[in-house]
Structure formats: C-alpha cells, structure tokens
Amino acid sequence: MVITRAYKIRLYPNKSQMTFFNKSFGSCRVIYNEMLYELQNAYKNGIVLNKCDLFKKIKQKYVWMNQSDSQGLCNTYQDLISAYNNFFNKRAKFPKFKKKKDKNSYRNGMMHKTIEKLVPNKNHIRIPKVGLVEFREDYDFNKLNIKKIYNITIERSKTNKYYCSICVDVEIPEYEHTGEVIGIDLGVKDLVIDSNGNKYSNPKYQVKTEKKIKHLQRLYSKKTKGSKNQEKARLRLAIAHEKLSNKRKDNLHKITTKLIKENDIICIENLNVKGMTKNHKLAKAIQDASFGTLVSMLKYKAQWHDRQIIEIGRFYPSSKLCHCCNHIMLYMGLEVREWTCPICGEHHDRDVNAAINIKNEGLRI
C-alpha cells in the first residue's frame, strides 16, 4: 500500500551549517510576524493589501534575508496566507505571532527528486544551499520503496537539537489479516483494557518525573532574565520535558502497533477528553494518559494496514451494562471496580465488561 508519511532524522550540522539554519529560522519568523502585523493593521483600518507585494517589500527591507533559504521564506508566506484564509473561512483560529523560544523550522520543496541523490550514503543527506549534512541512521532509505519526495522540513527543537523530516510517498507492506475483532476501553489505572481480558498498564511517567521537573522549574524561575545561567536552566528543563514526551510516545506506539497487528476490527469509545479534564481530581492523570494521541495513532495505523476502527457514542452505558443479560445498573461510581449483576448473578470486572460491551456495540453498528 502506498501512503504519504514523513521520516524524521536527527541532524549533526557543523558550525557553518548551524549558522545557516539559524539564519533561515530567524528570517522565516521575521517575515511571518511582519506580514501578520501589517495584515492586522490593514484589516482594522479597512485597507486591502496586495499580499505578494507586501512579501517582496519586507524582503527588500531586510537585506540579510538573502543569506537564508529563499524557498523557506516562500513556504512561510504560503503558510501565513493559508492560516489567514482559514480564519476568515471559519476553519481555524486567528494565526499567532511566532516566538524565538518556540520550535523553529522551515520547509524546502526544491530539492533532488530521487532518494539516491537526496541521501547519497548512510550518514549524509544533501540539503539545498547547505550541502551534505551528517545524520544518524535510523532508516535505510535505499531499502525503502519510496515513490515520490515532496519536501524536507528542517527544525530546531527547544533542546537545541536539529532534525530533518522528509515527506514522501512510500509503499509499505501491510500486516497479515487475522480476522480478529476486539473492543478496547481506555482507563487511568490500566491504560488499555481489551475485550479478551488483556490489560496494558499505565506507566504514569508524569507522576514519576513530576518532582524533578518542579525542581528544575524552580531553578529556572530564580535565574536572572536573559543571563547565560537562565539559558542553561531552561535547557535542562526542556530536556526533562522532552524525555517525558519521548517515553510516553514510545509506550503508545508499542501498544497501538500490537493492537493493529493482531486485530482487523477495533471498536473504541468516542471519549470527550476535553470535558473529562474539567474534573480537577482526574485532569492530570487523563492528560498523562494521552487518550487523544493513542486514538489518533490507532486511526492512521489502521489506514496504513487496511484495518477498520469503529467508534461508538460517548453516551453508550458500556460500564453499567451487563454483557450477559443486558441489565443496566442505575448508578455506578468510579470507585466501583468490580460488580455482580443482580439479574443473572454474573460477576464483572468493570473495565473488561465495558470493553466487551464496546465490542458488541461496534459490531452492531
């Protein structure tokens, strides 16, 4: 199956390459913010601006932009126009100004169209106007069946690491079809509970690292603003957050890949995560579990491997319904983890019973 995806690799640029990347990031940020400021003022005063002329005017104003990637500037201009139009078409919020301390990036679509020329060997990638840049080998691009290359995106993370994302059309082998159907229930104590009775524990990474992050945050807040010590403290804090995020993503990838490999149809509940986080006693645990990320991973991996995801309504009483006799309990608080049906006498594990009901309702749909 041919899919569109991005391969992200870690770059190790030398000083001159790093300088070029930083100049390109700064130029893209300045041209985005300048154009957005001018468009805001023009809209308030009822003036219609020619966006293309405004773009050229800003480029001429800042001569040092000639030292950065011109394709990155053009793509930044296109991104701003798209964001601006999406706001007036009521598809998105009004675009915000870019900040230097946030993640910096630029995109280039004018490069070599074959992977052999883009990645000439296992350790170097050829980036326009930069040349060969060393990278860490996470993928063997020569063995990947890449059909088309769209663009590359260079970015610098908050921890001052450089990455390159290569957006391509690639043919991937599909997992074998098993014919299995499963229902899954998401929880806080156990992250995923399936209808076969299997439970995937929730590592609760945020709870484990919370004390360290609080300590680093306190140290950062006490440093003099703009000093080198403050930047060092900020970097330590950013690294701690990055490690937390990487651990969480790694666990979610392992769980979702296993579920997709072993099942052809997966039934899940359409949860109102935003509403659930309004419960202040559970908000932190729900955010740490990352239900939204888990569901989105399941959906795109299901498309890759020809699986089916069935979502049931969020108001379906999966926990209170007995899957044996369909009796619905009038009340069941979160503290009740096991219960016995008063009609048929069947003893239920709350989460496993919910997963079985989700599976049955998904098959009915």
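Student: How are α2 and α3 set to each other?
Tutor: α2 and α3 are oblique (angles under 35 degrees count as roughly parallel, over 145 as roughly antiparallel, 65 to 115 as roughly perpendicular, the rest as oblique). This is a predicted model, where local features need pLDDT of at least 70, side-chain atom pairs count only at pLDDT 80 or more, and totals for chains, interfaces and linings use all residues. Residues are numbered from 1 along each chain as its sequence is written, and side-chain values use heavy atoms, leaving out hydrogens and water.

Student: At what angle do the axes cross?
Tutor: Roughly 140 degrees, for α2 (residues 51-61) and α3 (residues 70-88), and the axes come within 12 Å. Axes are lines fitted to C-alpha atoms over the stretch in contact, with angles from 0 to 180 degrees between N-to-C directions. Helices are DSSP runs (H or I, at least four residues), as are strands (E, at least two).

Student: Which residues of α2 meet α3?
Tutor: Lys 51, Cys 52, Phe 55 and Lys 59. Their partners in α3 include Tyr 77 and Ile 81. Contact means heavy atoms within 4.5 Å.

Student: New topic. How many salt bridges?
Tutor: The count is 18 (a Lys or Arg side-chain nitrogen within 4 Å of an Asp or Glu carboxyl oxygen). One of them pairs Glu 311 with Lys 299, at 3.3 Å, N to O. Glu 311 is in strand β11 (residues 308-312) and Lys 299 in helix α9 (residues 291-304), 12 residues apart.

Student: Which residues form a network?
Tutor: Lys 8, Lys 103 and Glu 155, joined by salt bridges that share partners.
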